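Take a moment with the model before reading on. The paragraphs below go from the packing of a helix pair to the chain as a whole.

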Amino acid sequence: MTPVLGPTEARLILDLTGLPVLRLEHVLTRRVIAAIPPEHANYRPQTGARSAIELARHIVGAELRFLGGAADGTFADVRKIVDAVPDLSHLASLYETEFA
């Protein structure tokens with residue numbers, strides 16, 4: 001029989017592995033968004049590909065949806081919120097605010 005984790009064990013795993021990884025990933029994602037030059041936000045490497053800002057919105061939206069779903073048990077559609085962000089600086093601000 002497989003042992004079942006209790007709340008204490010689950011919290012220990014979260015504190016030792018999950019949260020440090022999420023914090024590091026958050027820092028790296030912020031750096032990637034900040035590294036996109038605003039004048040290249042609409043750059044597409046080829047026809048049909050997502051632009052830089054569309055890809056950044058997708059990454060932020062997916063992370064916020066996943067974290068929100070893990071926290072409250074519902075996976076809300078955050079596309080309307082993320083797609084309404086007009087530029088990269090506002091996207092970075094939204095990402096920072098929602099992650100906190």
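An axis here is a line fitted to C-alpha atoms, for helices over the stretch in contact, and angles run from 0 to 180 degrees between N-to-C directions. Helices (H or I, at least four residues) and strands (E, at least two) are DSSP runs, numbered from the N terminus. This is a predicted model, in which local features need pLDDT of at least 70 and side-chain atom pairs count only at pLDDT 80 or more, while totals for chains, interfaces and linings use all residues. Residues are numbered from 1 along each chain as its sequence is written, and side-chain values use heavy atoms, with hydrogens and water left out.

Helix 2 and helix 4 pack at an angle of about 10°, and their axes are 11 Å apart. Helix 2 is therefore roughly parallel to helix 4 (angles under 35 degrees count as roughly parallel, over 145 as roughly antiparallel, 65 to 115 as roughly perpendicular and the rest as oblique). Contact means heavy atoms within 4.5 Å. On the helix 2 side, the residues that meet helix 4 are Ile53, Ala56, Arg57, Val60, Glu63, Leu64 and Leu67. Their partners in helix 4 are Leu88, Leu91, Tyr95, Glu98 and Phe99. The residues of this contact divide into nine nonpolar, no polar and three charged (Ala, Val, Leu, Ile, Met, Phe, Trp, Tyr, Cys and Pro are nonpolar; Asp, Glu, Lys and Arg are charged; the others, Gly among them, are polar).

Helix 2 covers residues 52–72. Gly73 follows helix 2, with a positive phi near 85°. The buried residues of helix 2 include Ala52, Gly61 and Gly69 (buried is under 20% relative accessible area, exposed over 50%, partly exposed in between; 1.4 Å probe, protein chains only). The buried set packs against helix 1 (7–35), helix 3 (79–83) and helix 4 (88–99).

Which residues does His26 contact, leaving aside its neighbours within four places in sequence? They are Glu63, Tyr95, Glu96 and Phe99. His26 lies in helix 1 and is buried, at 3% relative accessibility. Thr29 is also in helix 1. Thr29 is buried, at 12%. Beyond its neighbours within four places, Thr29 touches Ile59, Glu63 and Tyr95.

Now the whole chain. The protein has four helices and zero strands. Of its 100 residues, 23% count as buried. The C-alpha trace spans about 55 × 25 × 25 Å along its principal axes.

Notes. Expected span 1.5 Å × (residues − 1).
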